Structures are given as structure tokens and as C-alpha cells.
Amino acid sequence: MLSPTVVRPTVVFRPTVVIGLGGTGYEVVLKLKKRFIDVYGSVPEVIRFISIDTTENIQEREKSPDGTKVILEPNELYAISVANPLPLTRNDHIAEWWPRDISAASLISGAGQIRARGRLALFAKVGDIDALIAQAINSVREIRTSKQVFSDNFQVSSRDGVEVFIVGSLAGGTGSGTFLDTAFLTRRHLNNFSNITGVFVLPRVFANIPQTHLVKSNAYGALKEIENFWGLSPSNSIEIDYGIAKIKADRPPFDAVFLIDGVNKNGTVVGRPDDLQNLVADGLYIQIGSQIGLDAANVADNIRAYLATGEKVRGRNINYCSFGFATLTLPVQQYERMKLEDTQSLLKNELMASTPTIDLESDIARFLEDCKLAEATTVLNALTESDRGGQMKPEFRIGEMRYDRTALPTIKELYKRQLDQFEQRTAQELGLNFHRLQQTTTAAIATFWERSLNRPNGLAYALQFLNLLSQKLNELQQSVQRKSQEAQSSFNALKLEPQEEKIKEAAETWFSNKNNIQAACQRYKERADQKWKIYLHLKRCDKAAELYGVLRSKVEEIQEKSQRLHSNLDKVYRDLEQSYHEVNRQGSNDNPFIHTIQRINLQSKRPKVTGEDFIRWYREQSQNLTNWSDKKAEDVKNEILKFVDEAYYPLTSMTVEEVLTDSNPEDAGQDLQQLGKLAVPLWQYEVSEIPIQQQHLITEFYYYGVESNNTVFSNPPLSSRLPKGNNNPSFVPTGEPHKVMLFRVEVGVPLFAFNGMRDMESAYLDPNKVFKHLHRNWTNLANLIPPEEDGGALRWFALAMAPDRYKLIVNQGKKYFVSTEQAKKLEGGVLPLGGDRKSAFKTFKSNLPLVKEIADKVERITHEDQDKAKFTLQNYINHLNQVLKGGKVDPQIQEQVEMEIQEIEAYLEHLDVII
């Protein structure tokens, strides 16, 4: 039978730290750790996990394929519980941002959905958290420095930098309250070649869970902060005082942000947080292993390069991504179900079942006969066999003694001396024969046990046989014990004293007769011979009883081992039943993001698993089943499963790529197209919210998780049938032959286009909701949803604000005026619009005749000399950008100026098209 050999691809990892925040972050990190253990057996040292939460999470929620519980180690967990946080809010560096209307209750069982409380918990333990992050980053960085290579399957990328993923939910209090500061703290330990990627779950999936009324307002507040801090730069920085240090944030906290919703673009809903957390873990797993070569760019690199232009849509950033994850798989769950079915059947019907009706009595009789144990007489004779052949013959020898008055003391002395010799010889002979019989009979019992077990259903037969054999041996033991008692009675009853008196009388008569004395001595000898014969019989009965007792003990020992073995098999069977139910349960939880290839005829390829094959296989491993009596049930189960795994190897060794290659190309193409449909990114947006001329900014990247770099998808015919975006797809080696995974990234969608954003804004604006931000001064951050379209008024307003050649709207004395025919009757021929830029535009767009008049004037000025117009407008754009970079513009005004710049740029593009 071919033994399966698992070959893992050589994967190049970039040093990576994954930080999970809050309950969602903890679950994702735990599931991600399980992914690595499932595939590689352990987590590569170049990857570190950290989970930070304001409550203790329940451990041991995941299991690896062999049933081992997957947990986060103590150095991967940090609970930021604070029993009495109120005094902290009196510290200056916290008081400057702490919202005054929020209670500083204890932070032991979570942040209670209040973001500021989550941030307070982080500030309370900021020294520990900063050290934890720094230690993790340094440890993975040092691995590259030492050029460490992990066996033959792990290599460390030669590219500089560390990848950091910050994972959590924007809906709760802990993740949403700590994600920004975690990023700022992390950034100071990284160089410019490193990336920080945020992966955040949106509130939809939590909406129907009790006590989650703040999830939408929390998420909107968090997204406003992310949107605002894309603008951080050396010329527009902020300083955060953490007490232990002041950190200058002059770069955005994240290089890429993934937003994961509970519904994808096709309307497929992920209703349970656990399912969504699994998808996030799958996506992270692909990202972390997404380097194909030492110098290959990864996901974050690709996204950062794509967004480097800094283009905005309606004044808003497009630095947001989402991903979908789907799996094309073989029916591996059916494999597992079939293997477990066959393993249970092997145990129940081939190893543990009762044997058909058998004549145990005959088997026992034959066994005892073969071992010469059936008759007590046979055993007794075997015990008294002489080493010179024949039976031992006890004899008292009187030799040529003198038959006179000294006869009595002489014969007594002879008896005493020979009795000692006889007893010693008897003990020695019986001992030797006993040892020989014990060796042969115990070996026969052991041989029987081994032969019985090493045949189908031999265990049940052995248990029945041993039970009856023990009874038979007990009966035989009692039989010889009774003989021993009878012999003892006879021995005790047979006295030599009467014969001694006869010798004495014959020797002491006045005229002693030699013949009378000799006759008396001869009768003494005969009585002594009889007594010794009874003694020998007595001793051999005792030894026979001992032998039967020893053999019964041996049988009982083997019975105990057999019972232990049976208990082990029974436990294995129960474990297999549980595993079978678990596999069935997993199979019944239909995952909408898994497509299983169903073209394999499993029954025709199903191997026949028999007890005879198993026993033959086990013997080939130089083992026999008696060894199981000394093994743990878990070890026994693993040996049985190893056999079943090898039996199934021809079926389970087929890979997805082999099946697709052997399939009709059209069928294979349908499977791949289905994979592409299932991996639709997990968000929904209204593309109509994005101006038509900017909808091209939305793009997708496709990353395929394949068994190895040498993939069939690189070449025809499958390469042409593989779903892909605008760019060629990337292939990520995962070492999983039964799966092809698609990680599909979409990037370039502004937040205002998201479905559900207006609901989140409404919840955010609800005055009954508690404070939604991490700083009490952040309420004036720009809204995520830009002002409604104005029919083109903003474009003409922006162009009219341009300097000479245009200069139709001017700012004089902190007031805005427009030159218009509507103002001819007024002094100076100008019309006041408002005291600031926003109010001026509001007045302007509400006056439709004015808008039309200014539009006509702008067009006339432009077309008088388009080259000069373009030069003027480009310089004006540069001037506005410089003003914005100064960082002194009110956020609300900045938002409008950025939109004006976009309108002018669009106008210039239109001129280029016309020309």
C-alpha cells in the first residue's frame, strides 16, 4: 500500500505581526493561527500574533485537524482591564481628549460599546502595549537579520520592512476605540518600507445582536476619523501625548484599509459574526503568504502603489478596499465522512464484533490437551519425570546394615539422612519440571492470544475463550488441591513408630535372632517407601496446583489486557462517532463561499477496508495487535486512522488542479467562473454616486491560493478560463492540494458610495447617542457624505474664484462679492454673497440666473485664449493645494476647496478633450 507523503511548497514570508483588537480581533487572530497550524503544523517564527481586549476571552475555541486545541499563548494575549479608571481622566494628557459626558466606569468586562472608554483602557496600559508591539516587531525583524530559514519550507523575504495587520470591528467599544492609537504606536517602530494594513468589520453583521444599539454611530465616527487622517503629512501632522511619550503622527495611520461588510455586491449575506470572522481569517492567511518570490510585491504594496496618485472623488478619499474570499474544493468532507464510516465499520464489524456460534468447550478441551493440561494425572506425571527418564521412584535404601542390637538407631539414622536427600531431590526435580511446564504452557497461552487477536474479530473470541479457560484451570487447580489434601491425610496417617517398636523388640530379646531383626527392618523400609511415595504425590499435587494457579493468573493478566484493549477500542469507536457527527455538522453548515467539484464518482473509487487487510498491514509494520493493550486509546486510534488514510490515498491524493486538468475545459471553466462569482468583495456600493468620469478608479486584484508555484493555471487552457481583473492574477503557494482559493480585492471606492452609509450617518447624528469620537474636539471633522450635486454650480463658482482673466468672485474684507449684471443698480456693480466661502457658495448656487450668467462669462473668458486660461487655472490649483498643505484651513472649508479643485481639474480635462 502506498504511503502518503505530504510535500509543502517553499513559501517566502515577509516578517509579519497581526494585532487583533477587541472580541472580533481575538476571534480572527485565533482562527488565523489555526489556519497556519492546519497547513504547516505550527506558526512560522517570522509571524507573531497579539490580541488586545478589555475583557478576558474564552480560550480553546478552535481545534486543529488532529483534535488538538488551538489557543493563544500568554505572550499573545493582553487584557487591558482597569478596575478604577476615573482617576486617569484627571491626567492632563487624557483630560485633553476625554469627553466630559461619558462615565469612566470600570473596564473589566469590556468597553460597553463606548469608544472613548476603549481608548481610555489603552492609555491606562499604554506602556505595556507599546512594549508588546515593539517586542513582536523586533522579534520578526531579527529573524530576517539572522537570515533564519525554517526547514525547507519557510524562507524570509529579502525585502525590507515588516507587515502589520490591525484587525477588529469598528462597531464596538474596544476595537473601534483602540485601532487608531494602536496604529500610531505601531508606526513609530517601523521603517518606510513597512506597511500597516487595517482590516475592519462594519456594523451590519452585529445589527441584530442584543445590546448593539451604538454600532452604526460608532462605525461612522471611526470612519470619519480614518477619512480625516489620510491627510496627515510632515506639513500637516498631529501630536499625541500618551503620558510615556509624545508621538508626532505625520503619516496616515494605515497604508491600506479593508472594510468588510456582512453582505457582498451580489447580495449574499453573511449573517453570523463567526462566519464573517472566518472569511477575514482566510483573507489574512492569503495576504500573509502572498509573496511568490523574494522580491515580489504583496497586497499592501500593490494597493499603496495604485493609490499613490492621491486622487479624490467629490472631495473624498478612495483609499478603501474590500475583499471576497472563496474556495474551490474537492469533496474532502465526503472523504472524511467516508473514512470515518469505514473506520467505524472496521472497528465494529471486524475488530470488536462477537464471533459466530462456536464450540468453545471443544476449543478449550483441544487447547488443554495440546498443552497436556487436560488431565491432572498427565500434569502430575509431567512434574515427576526424572531427568534420567521415566518417573521419579522414591526408595529408602538400608544396604548391608548390621542386624543386631544396633539396628534401630542405625536404620533411624539412615532414614533421617536419606529423607533429607529425598526431600531436596524432590524439590529440585519438581522445580525444574514446574519451570519447564510453566514456560511451555504460558508460551502456548500467549501464542493463542496473539493468534486470536491477529485475526478479524479475534478480540471477542479471545475474551470468551480466556474466560472459559480461566474457569477450567480453576477447576483443575481445585481437583489437584483435593488430591493434595487426600495425600496429606494419608501421609500423616502413615506412621513409622510401630515398625520401630518391632525392630526394638526383635533386637532386645535375650536371644536375638538376626533373621527376625532383618525382617523387622525390611518392613520398616517398605513402610518408609510407601510414605515417601505419598510424600512425592503430595508435593507434586501442590506443585500442580501452583502451576494451575500460575497459569490462571497468566490468563487473568491476559484477560485484563484484553479488557483494556477492548475498552480502548470502545473509546476509539466513541471518539470516531463524535468526529463523524462533527464532520456531518460542518457539512450541514452550508458555506455560501465554497464551491465543491462534484464530478468525482466517489463510490467507484472508494477502497474496501477489511479486517484482514488491516491485520496484514499492521504486521507489515512489524507489530501485532497485542501491543494495543499497553497503548493509549489515542495512539490506537491514530494507528487505525493511518491504515485507513493509506487505504484512501489513491482517492485523497487527487488534487484540484489534477481534477480540473483531466476535466473537459468547459466544465473546468464553469467551476472557475463559479469561484470568481463567490469571491465577490464583501461590501456594497452605489456606483451611480461616483461621477462617470471617475468610475474607472475602481479596480480589482485577484490572488489565487494554489498548491505550489508550479500551477496549471499559468498555462492554457485553464489560464484563459481563470477569472481575473484588469491586471494579471497572482498565485500564492498554500500547500493545500485539495483547494484553490481566490482572494479578490477591490479598491478605489469612496465611503459616501457605501450602502448603509446614510443609515450610519443618521445614527451618528442622533443626539440621544453617546459621544462617538475618540477626542472631544473631533466633532468638526468633515462629513463622509459630501454635499448633494448642485447642477454644476460648484464648477462655475470655483472658476469664478480664479485670479486675473477670471476674478469674477472676490474676497474683500473677509466678505465674498460677485460682479454681475444683477448688481448694476447697486453701488460698485457687485453683489455680496456671504461672510465665508461656504455661505458664499450657498447663496451663489441658490441664484440660478446668476449661475447661468457666470457660466457664460467663464466660458467666454476661457475661449478667448485657452492656453492662457489653462495656465491660469493650473497655477490657481497649485496655489490652493499649497494653502491646504499649510494645515490652517478649517476642515469644513477645506472640504469645499478640495471639491473646487476637482471641478477645475475636470474642466481642464474637458478642454483637453475638445482640443
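The model is predicted, so local features need pLDDT of at least 70 and side-chain atom pairs count only at pLDDT 80 or more, while totals for chains, interfaces and linings use all residues. Residues are numbered from 1 along each chain as its sequence is written, and side-chain values use heavy atoms, with hydrogens and water left out.

The whole structure holds 46 salt bridges, each defined as a side-chain nitrogen of Lys or Arg within 4 Å of a carboxyl oxygen of Asp or Glu. In one of them, the closest N and O atoms of Arg 204 and Asp 261 are 3.0 Å apart. Arg 204 lies in the loop between β9 (195–201) and α6 (215–229) and Asp 261 in the loop between β12 (256–260) and α7 (273–288), so this pair ties together parts 57 residues apart in sequence. Helices (H or I, at least four residues) and strands (E, at least two) are DSSP runs, numbered from the N terminus. Arg 204 is partly exposed at 36% relative accessible area, whereas Asp 261 is buried at 5%; buried means under 20%, exposed over 50%, and partly exposed in between (1.4 Å probe, protein chains only).

Another salt bridge joins Lys 571 to Asp 575, at 3.3 Å between the closest N and O atoms. Both residues belong to helix α15 (residues 514–588), 4 residues apart, about one turn of the helix. Lys 571 is partly exposed at 36% relative accessibility, and Asp 575 is buried at 18%.

A network of salt bridges links Lys 31, Arg 272, Asp 274 and Asp 275.
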